[in-house]
Amino acid sequence: MHHIKTYNAKELKTPKSTILIEGPISAQTLAGYHFHEGLVAFRQPKQQQQALVEIADLPEGRIIIARINETVIGYVTYLYPDPLERWSEGNMEDLIELGAIEVAPEYRGYSIGKNLLKISMMDDFMEDYIIITTEYYWHWDLKGSGLNVWEYRKVMEKMMNAGGLQWYATDDPEISSHPANCLMARIGKRVKPESIEKFDRLRFKNRFMY
């Protein structure tokens, strides 16, 4: 599969600043920016920047960023699922994962996450993918947001809906381990029926075991 990446961008005006949301961007471009010190959800900013540079270099890897001048204040990543996850077991070249989305705390509340997803989906090639995301409550910033798990889950679902991702049932043990966890997905318009069937088999691996 040849992964075509078409750049899109928009300006988002907020009370704080005008923010440029753009991507997919190249590894070289991303390496030249500065990561905001508040981007610490997964790693320290410099380590996270390096991880994203490596994703951007992958054939299927996509990084969409929100930035003010040369400072990245938010991002979303897309790449093939981790080999240790069940979603990689089908070896599906047309299934990619929304691996991470993060916005620096001081810039939350301005719909930056929603706009990162909207810009992602402006690329017509996204219609060739099944895009999944696995939401686990232990990754959520409950303390910083002041929300409980159900309030945060509602915020996450609303944000993912902006990118066309919907809730899907699954018997995946990690997702099933807590009712707030969930699988969300967007099935592109050009995805083949056999890929959708394969995805359904991945969602319910234990369907015939009773």
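Biologist: What makes helix H3 (residues 112–121) mostly covered?

Modeller: This is a predicted model, by the way. In helix H3, 8 of its 10 residues are buried, and buried here means under 20% relative accessible area.

Biologist: Which residues of H3 are the buried ones?

Modeller: They are Ile 112, Gly 113, Asn 115, Leu 116, Leu 117, Ile 119, Ser 120 and Met 121.

Biologist: What does Leu 116 touch, leaving out residues up to four places away in sequence?

Modeller: Quite a list: Ile 21, Ile 64, Ile 65, Ala 66, Gly 74, Tyr 75, Val 76, Ile 101 and Val 103. A contact needs heavy atoms within 4.5 Å.

Biologist: Which residues have the most contacts inside the largest nonpolar core, and how many residues does that core have?

Modeller: That core has 50 residues, and those with the most contacts inside it are Ile 19, Tyr 78, Ile 112, Leu 116, Ile 131 and Met 160. Strand S5 (residues 71–79) gives the most to this core, with 6 residues. There's another core lying apart from it, of 12 residues, including Leu 95, Ile 175, Leu 183 and Val 191.

Biologist: Let's move to Thr 134. Why is Thr 134 called buried?

Modeller: Its relative accessible area is 11%. The cut-off is under 20%, so Thr 134 counts as buried.

Biologist: Where is Thr 134 placed, and what does it touch beyond four places in sequence?

Modeller: Thr 134 is in strand S7 (residues 130–135). It touches Trp 87, Glu 97, Ile 175, Cys 182 and Leu 183.

Biologist: What makes the pairing of the Thr 134 and Glu 97 side chains a polar contact?

Modeller: The two side chains come to 3.3 Å, and the limit for such N or O pairs is 3.5 Å.

Biologist: On to charges. How many salt bridges does the count come to?

Modeller: The count is 13 salt bridges.

Biologist: Why is the pair of Lys 16 and Glu 106 called a salt bridge?

Modeller: The closest N and O atoms are 3.8 Å apart. The rule asks for within 4 Å, so this pair qualifies. The bridge links distant parts of the chain, 90 residues apart: Lys 16 sits in the loop between strand S1 (8–13) and strand S2 (18–23), and Glu 106 in the loop between strand S6 (95–103) and H3.

Biologist: How do you know that Lys 16 and Glu 106 are partly exposed?

Modeller: Lys 16 has a relative accessible area of 45%, and Glu 106 has 40%.

Biologist: What about Asp 141 and Arg 108: how far apart are their closest N and O atoms?

Modeller: They're 2.9 Å apart, and the two form a salt bridge. Asp 141 is in the loop between S7 and helix H4 (142–145), Arg 108 in the loop between S6 and H3, 33 residues apart. Asp 141 is partly exposed at 26%, and Arg 108 is partly exposed at 34%.

Biologist: And Arg 190 with Asp 128: which of the two is buried, and which is partly exposed?

Modeller: Their closest N and O atoms are 2.8 Å apart in a salt bridge. Asp 128, at 18% relative accessibility, falls under 20%, so it counts as buried. Arg 190, at 41%, counts as partly exposed.

Biologist: Which residues do salt bridges with shared partners join into one network?

Modeller: Arg 86, Asp 171 and Asp 172.

Key: Residues are numbered from 1 along each chain as its sequence is written. This is a predicted model: local features need pLDDT of at least 70, side-chain atom pairs count only at pLDDT 80 or more; totals for chains, interfaces and linings use all residues. Side-chain values use heavy atoms; hydrogens and water are left out. A nonpolar core is a set of buried Ala, Val, Leu, Ile, Met, Phe, Trp, Tyr and Cys residues joined through side-chain atoms within 4.5 Å. Buried means under 20% relative accessible area, exposed over 50%, partly exposed in between (1.4 Å probe, protein chains only). Helices (H or I, at least four residues) and strands (E, at least two) are DSSP runs, numbered from the N terminus. A polar contact is a pair of N or O atoms within 3.5 Å; within protein, one must be able to donate a hydrogen and the other to accept it, and residues adjacent in sequence count only if both atoms are side-chain atoms. A salt bridge is a side-chain nitrogen of Lys or Arg within 4 Å of a carboxyl oxygen of Asp or Glu.
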